[in-house]
Amino acid sequence: MAQPPDRAPPRDPWTHLAALTPARIALGRAGPGLPTREVLGFALSHAQARDAVHTPFAAAPIARALADLGLATLSVESAAPDRATYLRRPDLGRRLSDRARVELEARTFPPCDLAIVVADGLSSAAVHAHAAPLIAALLNRLEGLSIGPVALASQGRVALGDEIGQALGARLVAVLIGERPGLSAPDSLGVYLTFAPRIGLTDAARNCISNIRAAGLSYDEATFKLAWLIGEARRLGLTGVALKDESDLAQLPSVGGAILPQG
């Protein structure tokens with residue numbers, strides 16, 4: 001009696017979606033569990049995320065790269081004395097240490113249009129990989145703006161930029177900071193822009209550009225958005241919830257002043 005031909009196993013309807021996202025979908029199974037390759041891949045991603053958080057901030061290579069761009073730098077640290085305290089006490093990462101505050105107050109800085117702060121945040125890996133090249137790309141879009149010394153801040157949170165920008169007499173401050181790593185993005189950089197930085201502001205006063213990395217927002221796209229936001233912030237005298245990011249509309253073709261959809 002002839003044997004029936006072997007039939008191919010049914011195709012997993014999720015498989016084609018796996019090619020469109022780094023999310024963990026269509027992993028397959030081995031008996032009641034995951035395939036070994038997926039278990040090992042998860043362990044690797046988890047280790048990369050932990051390393052991104054705990055790797056010490058290496059400011060010196062960034063300072064050298066910025067010096068090649070003609071930018072002066074200064075080193076500061078938050079009130080968090082070590083990484084363990086920084087992770088447990090977010091409030092300490094939002095203000096300068098006593099030493100850093102005294103040093104800034106002892107110096108006189110000419111007012112500037114923009115201060116840039118590079119802070120390790122929750123992913124030193126992101127800052128090491130992206131801060132210097134992002135700033136290099138941004139400089140090409142900021143012709144005519146005065147830029148203060150770039151502050152390299154260890155154990156820093158976003159709000160640390162308010163105190164630094166105020167000390168530097170900056171009209172705007174842009175904080176480049178390592179974002180909380182995920183299991184598919186251990187090196188994501190964020191930028192937070194604040195008009196008239198000063199102690200006591202909340203995140204409602206800021207605009208954020210997120211997910212700057214090779215598999216996310218490119219340097220060109222991020223700096224286009226940031227330059228657009230800087231221009232609008234200077235024009236309107238504000239940032240935050242009152243400043244909507246409409247930079248995408250600025251890239252659409254227009255006829256007679258009317259913005260036309262593409263496609």
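Student: Is Cys208 buried, exposed or partly exposed?

Tutor: This is a predicted model, where local features need pLDDT of at least 70, side-chain atom pairs count only at pLDDT 80 or more, and totals for chains, interfaces and linings use all residues. Residues are numbered from 1 along each chain as its sequence is written, and side-chain values use heavy atoms, leaving out hydrogens and water. Buried means under 20% relative accessible area, exposed over 50%, and partly exposed in between (1.4 Å probe, protein chains only). Cys208 has a relative accessible area of 40%, so the class is partly exposed.

Student: Which residues does Cys208 touch, leaving out those up to four places away in sequence?

Tutor: Cys208 is found in strand S6. Helices (H or I, at least four residues) and strands (E, at least two) are DSSP runs, numbered from the N terminus. The C-alpha atoms of Cys208 and Tyr192 are separated by 4.6 Å, though the two are 16 residues apart along the chain. Counting contact as heavy atoms within 4.5 Å, Cys208 touches Val191 and Tyr192.

Student: Which strands stand at the edges of the sheet?

Tutor: The open sheet has six strands in the order S1-S3-S2-S4-S5-S6, with mixed pairing. Two strands pair if DSSP finds at least two bridges between them. Each edge strand has a single partner, so one side is left without a neighbour in the sheet: these are S1 (73-77) and S6 (206-212).

Student: Which residue in S4 is the bridge partner of Val118?

Tutor: Strands S2 (residues 112-119) and S4 (residues 170-178) run parallel, joined by seven bridges. In S4, the partner of Val118 is Leu176.

Student: What angle does helix H8 make with S6?

Tutor: Helix H8 (residues 219-236) packs on the sheet and touches S2, S4, S5 (189-195) and S6. Axes are lines fitted to C-alpha atoms, for helices over the stretch in contact, and angles run from 0 to 180 degrees between N-to-C directions. Between H8 and S6 the angle is about 175°.

Student: Why is helix H7 largely enclosed by the rest of the structure?

Tutor: H7 covers residues 160-167. Among its buried residues are Leu160 and Ile164. H7 is largely enclosed because the buried residues number six of the eight.

Student: Is Leu17 buried, exposed or partly exposed?

Tutor: Leu17 lies in helix H1 (residues 15-18). Its relative accessibility is 31%, so Leu17 counts as partly exposed.
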